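User: I'm new to reading protein models and would like to go through one with you. Can we take it a question at a time?

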Amino acid sequence: MSPKPAERIDQLRRQLDDANYRYHVLDDPAIADAEYDRLLRELDELEAAHPELVTPDSPTQRVGAVPSGAFAEVRHAIPMLSLGNAFSDAEVADFERRIEEKLDRRQPAFSAEPKLDGLAISLRYENGRFVQGATRGDGASGEDVTANLRTIKAVPLQLRGDDWPKVLEVRGEVYMPLAAFKRYNERALKEGGKVLANPRNGAAGSLRQLDPRITAQRPLAFYAYAVGLVEGGKLPDTHSATLKKLREWGFPVSAESDVVVGTEGLLGYYRRLGAKRDQLPFDIDGVVYKLDDYAGQREMGFVSRAPRWAIAHKFPAQEQSTVVEAIDINIGRTGAATPLARLKPVQVSGVVVSNATLHNADQIARLDVRIGDTVIVRRAGDVIPEIVRVVPEYRAPDAPVWTMPTQCPVCGSEIVREEGEAVWRCSGELTCAAQRKEAIGHFASRRAMDIDGLGDRYIEDLSDLGYVTSVADLYKLTLEDLLLMKRRADERDGTTPAIAAKTGKVATKWAENLVDAIERSRRTTLERFLYALGIQHVGESTAKSLAIWFGDLEVIRHLPWPLFKRVPDVGGEVARAIGHFLDQSGNQQVIDDLLAGGVVITDTHPPSSRLRDGLDLATLLVDLEIPKITRIRADQLATAFPTATALLDAPEHGYISAGLPADTAHALTAWLGDDANTRLLKAGGEALARLDAITPAASAVALGPLDGQTVVLTGTLSSLSRDDARERLEALGAKVAGSVSKKTGFVVAGEAAGSKLDKAQELGIEIWDEAKLLAFLKSHGQGG
DNA sequence: GTTCCTCGAGATCC
DNA sequence: CTCGAGGAAC
């Protein structure tokens with residue numbers, strides 16, 4: 001007998017609240033996400049069936065809400081900086097050289113110390129007494145964790161001696177010593193308490209306890225490594241002397257810190273510590289070098305939020321060994337068959353890794369990975385798991401060499417490889433269910449038609465049960481179709497349909513939402529529409545260019561392929577791919593069906609006046625890639641013949657009279673001997689005339705302040721989304737690119753910026769922080 | 001040769 | 001969100 005709904009609702013709410021609290025506040029998730037979702041769904045359905053039992057504080061009433069206000073915010077008087085990273089000796093040498101050059105000083109002295117893997121905090125002392133402690137947060141402000149910091153015995157509550165400044169901020173790292181971490185977990189295991197995932201999370205989670213009594217039981221330690229605000233007192237002239245002073249005042253300072261000289265000194269320290277790494281009582285992920293004297297530091301200054309006088313030299317990414325349990329093939333939207341290694345789950349630098357891409361067959365061959373092999377994995381750039389190499393000693397003697405399957409695991413079509421290409425492709429195209437599903441998923445994705453709620457699961461069912469075979473079918477779906485589909489899917493899976501509300505009928509809300517989302521997606525832009533079609537080589541950027549340059553779907557869809565080359569960054573390959581797509585009657589039919597299904601492109605406009613450049617017969621002839629027809633020959637022909645038709649009607653000696661050498665004229669005749677080419681030239685000529693009629697005359701274009709600049713965004717911006725930032729920058733004439741090169745004008749670095757920021761620093765490219773970006777946008781009318 | 005875009009991938013966060 | 005491979009454009 002199941003419990004009464006009111007009791008069950010109560011129980012669920014308590015479970016969910018508990019899970020939420022442990023997740024958000026304790027940094028110690030108790031249940032898996034899927035379990036959480038399941039409980040929430042159950043509660044949601046129960047509440048739907050009993051609306052009178054819904055209360056404002058039910059977890060369903062604040063889904064995704066983050067508990068806030070647990071800790072007060074503290075603004076750091078002096079921001080807590082982040083550090084640039086070096087991963088190689090060469091980068092360290094560059095760092096040292098930049099300092100030598102700028103300060104015009106040989107072999108400067110550095111203070112070197114281990115970089116602990118813990119949590120950066122700031123401690124404030126007034127008149128020698130500990131008054132406030134805060135986490136680093138975003139560097140500008142953090143959380144007030146004073147009460148918790150007080151419980152750490154390594155944090156002095158009262159400074160020793162009497163020569164300390166009236167106001168002193170000390171920065172350092174809270175961490176959990178390895179031995180204490182191990183002891184704590186052993187005890188927790190025995191007593192059935194919660195086990196900490198790793199020392200770093202242990203330290204972070206402990207500091208964010210709302211109840212300081214819990215923090216007190218955690219074995220936390222602390223090292224001081226820097227000083228922030230100083231008032232009413234004076235510090236020594238060097239960092240190393242300051243560390244000594246801090247020690248006198250009662251702060252623990254790493255015993256490993258040292259003063260070294262020049263690049264040799266830095267690298268020597270790195271190797272000494274690297275050799276000791278395993279014996280240290282705490283985790284470190286690298287070492288930090290700081291120019292020792294403060295005068296030099298001041299002179300070096302800052303780039304963005306990182307000082308130019310300090311750098312973190314990271315140890316190589318952590319590697320782990322595991323076993324390849326299987327090598328699966330994934331079929332992508334374009335049919336690309338990507339091998340994927342299924343790994344025995346293993347912890348690598350803090351996360352559990354169970355899959356690793358092998359990119360392509362060549363990669364597997366290079367590594368010679370075989371099923372059952374023991375392999376070394378690491379996280380590339382500390383993010384993407386990758387297989388570094390195989391451990392040959394552990395290979396079974398009879399393990400066969402892996403080869404790419406010859407047939408698609410989904411549709412059975414042949415898997416083939418284009419001459420000279422690296423990727424293998426399933427040749428099934430849209431007869432392959434995997435490719436169809438991926439195509440639909442791409443069409444519905446946020447950056448394409450943005451059909452919210454059409455996730456993998458529904459696509460799977462809609463496709464498998466035959467409701468949707470082309471993307472146009474989405475716009476024929478009715479509420480009844482969806483409900484029927486769900487019923488059939490439930491029958492197939494043997495699942496019970498969810499029961500809804502008062503009517504006692506099957507739940508329908510999801511279907512209503514999906515129908516609404518499909519309806520909303522009908523109004524779209526040309527750029528999104530073109531991208532959504534999933535034409536090979538046409539990603540967001542190319543779709544946008546096409547939309548800007550041609551402005552009109554009806555123009556585009558009947559354009560012969562050479563004309564697409566008029567768009568910058570579109571060359572023969574891409575143009576042909578677009579032409580090939582449009583040549584297929586099935587694709588034209590899909591476009592017709594989409595329009596008939598109510599899709600409306602809202603931003604149709606005449607072609608860009610810039611298109612006028614090169615909108616002539618000579619350029620068309622060049623773009624057609626006719627053998628032997630160079631720019632010069634094309635110009636001669638265009639001078640002699642006013643139109644494509646005239647050219648077509650002329651005999652071969654007509655081309656010779658136009659100035660062409662005999663063999664070139666002959667090549668042209670031969671080329672025109674192919675009917676398809678004749679049609680292409682004819683269609684090209686007609687398209688020229690059409691475009692000529694609708695393209696406005698070129699006009700002077702107002703230049704934006706960032707015209708011609710390439711900008712790269714990285715990290716998370718807090719006050720506006722990436723898309724937003726991109727649009728505004730583009731409105732000012734900038735080109736927003738995805739990767740940093742020496743042509744990049746400047747890089748906008750938000751929080752948690754990754755390798756792009758490193759690359760920018762390496763290349764010495766200007767770096768803007770969010771504040772600078774906002775100020776710039778504002779001063780150019782793109783604020784707010 | 002350089003630079004950029006496309007495409008596919010995995011993990012984390014919610 | 002980020003990374004890496006590959007390939008297209010210039």
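User: Where is Lys290 found?

Analyst: Quick heads-up: this is a predicted model, where local features need pLDDT of at least 70, side-chain atom pairs count only at pLDDT 80 or more, and totals for chains, interfaces and linings use all residues. Residues are numbered from 1 along each chain as its sequence is written, chains are lettered from A and ligands numbered from 1 in the order in which they are written, and side-chain values use heavy atoms, leaving out hydrogens and water. Strands are DSSP runs of type E with at least two residues, and helices are H or I runs of at least four, both numbered from the N terminus. Lys290 sits in residues 284-291, which is strand 10.

User: Is Lys290 buried or exposed?

Analyst: Buried means under 20% relative accessible area, exposed means over 50%, and partly exposed is in between (1.4 Å probe, protein chains only). Lys290 has 8% relative accessibility, so it counts as buried.

User: Which residue that Lys290 touches has a name starting with Trp?

Analyst: Contact here means heavy atoms within 4.5 Å. Leaving out residues up to four places away in sequence, the partners of Lys290 include Glu113, Tyr225, His239 and Trp309.

User: How do the axes of helix 13 and helix 14 cross?

Analyst: Axes are lines fitted to C-alpha atoms, for helices over the stretch in contact, and angles run from 0 to 180 degrees between N-to-C directions. For helix 13 (residues 456-464) and helix 14 (residues 479-493), the axes come within 10 Å and cross at roughly 90 degrees. Angles under 35 degrees are roughly parallel, over 145 roughly antiparallel, 65 to 115 roughly perpendicular, and the rest oblique. That's why this pair is roughly perpendicular.

User: Which residues in helix 14 meet helix 13?

Analyst: On the helix 13 side you'll find Tyr458, Asp461, Leu462 and Asp464. Their partners in helix 14 are Leu482, Met485, Ala489 and Arg492.

User: What is the phi of Asp104?

Analyst: Most residues other than glycine have a negative phi, and most peptide bonds are trans. Asp104 lies in the loop between helix 3 (89-103) and strand 3 (109-116), and it is exposed, with a relative accessible area of 66%. Its phi is positive although it isn't glycine: near 50 degrees.

User: And what is the relative accessible area of Asp368?

Analyst: Asp368 is in the loop between helix 11 (361-367) and strand 17 (374-380). Its phi is positive too, near 55 degrees. Asp368 counts as partly exposed, with a relative accessible area of 25%.
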